[in-house]
Amino acid sequence: MTQLLGVALRGTGSCLPARVVPNHEFTDALNLDTSDEWIRTRTGIRERRFAGLGETSATLGTAASRNAIDSAGLTADDIDLIVCATVTPDLMCPSTANLIQAGLGCRHIPAFDISAACSGFLYALSVASQFVRTGAAKHTLVVGAEVLTRTTDFTDRNSCILFGDGAGAVVLSGTPVLNAGIRMIRLYSDGTRQELIQVPSKVTPNPPPGPPQLQRLDYLRLSGREVFRFAVTRMVELIEQAEIDCRELGLSGIDVLIPHQVNQRIIDAALESSEFPSEKVMVNLDKYGNTSAASVPIALDEALRTGRCKPGDTVLLVAFGGGLTWSSALIAL
Ligand code: UT7
């Protein structure tokens with residue numbers, strides 16, 4: 001009989017490219033019809049990071065993973081599984097997780113990618129945690145890594161100002177205490193609304209749907225206004241469901257909420273509807289923009305490193321994005 005284990009969050013790490021791109025570069029360097037004021041007031045973003053030459057989801061993911069393994073007090077040899085969430089893999093094949101495995105010098109462990117856009121990290125967390133819970137893996141590495149600026153149309157002011165590059169990673173480890181660590185993960189999808197956010201590739205049927213100016217095959221396509229409404233509605237549902245989950249699991253409540261770092265106005269609208277206190281929310285989108293699958297683990301790592309959350313806290317992670325997908329995780333630190 002399989003002995004079920006608790007799944008502890010043992011370490012976190014992140015890696016951001018060095019190149020900082022402030023809002024004014026979109027007007028000064030790219031001649032775009034926008035302004036620092038518009039971007040700040042409509043999104044909350046002040047700057048983001050762009051991957052430099054040679055930096056990819058795999059290199060950023062490998063560096064974030066090294067930091068997570070160090071903070072867990074482990075070595076690459078201890079890792080039994082790598083799951084990487086990305087929609088901007090270095091290659092269609094092999095997976096980014098394979099490249100990270102090689103970069104870290106891990107043993108011949110299973111390594112694979114998950115594609116669930118901005119919810120990807122929570123989907124990956126769910127898969128990896130089940131390996132740990134059943135005892136199939138003792139220590140697993142879960143990575144969110146993206147270079148979305150490589151798929152961005154820099155003539156489209158509606159989308160190009162939103163995104164940044166980076167990676168975050170966590171190490172999950174088995175613990176004999178069943179009620180420790182990850183307490184609940186909820187995952188959802190609605191493929192009927194797939195057209196709202198798309199990142200096409202070489203294998204996408206041609207011509208893709210959408211306005212002619214966005215028909216270059218590898219450009220991200222986004223219906224910002226519709227995604228905005230979807231994101232607020234789902235974030236409210238996820239918070240309210242998590243509050244119910246807390247009561248049912250005997251947790252005293254949510255100490256820190258770490259949402260997908262997408263738009264300050266989305267976060268504010270969801271907090272207002274759900275009456276969730278804004279002082280309990282971790283936000284760093286002003287510095288990094290929307291890094292898709294990397295946004296939640298980067299914010300989680302920063303929250304832990306800066307003391308924004310501490311051992312004993314209950315943390316709620318929520319994410320939503322292309323698919324459409326939405327997701328949450330309740331973790332007792
Ligand atoms: O992680 C999931 C992916 N993320 C998203 O999908 C983002 C979700 N959506 C959003 O964050 C917001 O919808 C945006 C930031 C994309 C847009 O903000 P908004 O308040 O929803 O603006 P809007 O689309 O309603 O556009 C308002 C106006 C439009 O002009 P008109 O038609 O009123 O003349 C846009 O053309 O703002 C214009 N606009 C801009 N103006 C200056 C759109 N982008 C810009 C810009 N600079 N960068």
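I took axes as lines fitted to C-alpha atoms, for helices over the stretch in contact, with angles from 0 to 180 degrees between N-to-C directions. Helices are DSSP runs (H or I, at least four residues), numbered from the N terminus.

The model is predicted: local features need pLDDT of at least 70, side-chain atom pairs count only at pLDDT 80 or more, and totals for chains, interfaces and linings use all residues. Residues are numbered from 1 along each chain as its sequence is written, and side-chain values use heavy atoms, without hydrogens and water.

Entry 1. I checked α3 (residues 57-71) against α4 (residues 96-104): the angle is about 55°, and the axes lie 9 Å apart. The pair is therefore oblique, the class left after under 35 degrees (roughly parallel), over 145 (roughly antiparallel) and 65 to 115 (roughly perpendicular). I listed the contact (heavy atoms within 4.5 Å): Ser57, Ala58, Gly61, Thr62, Ser65, Arg66 and Ile69 of α3, with Thr96, Leu99, Ile100, Gly103 and Leu104 of α4.

Entry 2. I turned to α7 (residues 224-249) and α8 (residues 264-274), whose axes come within 9 Å and cross at roughly 45°. That makes α7 oblique to α8. From α7, Phe228 and Met235 are among the residues that meet α8, whose partners include Ile266 and Leu271.

Entry 3. Which residues come nearest the ligand? Of the 22 around it, I noted Thr34, Arg42, Leu222, Arg225 and Asn263. A ligand nitrogen is 2.6 Å from a side-chain N or O atom of Thr34. Another entry has a ligand nitrogen 3.4 Å from a side-chain N or O atom of Trp38. For His260, a ligand oxygen is 3.0 Å from a side-chain N or O atom.

Definitions and conventions: Helix = DSSP H or I, 4+ residues; strand = E, 2+ residues; numbered from the N terminus. Near = heavy atom within 4 Å. Polar contact = N/O pair within 3.5 Å; in protein donor to acceptor, adjacent residues only side chain to side chain.
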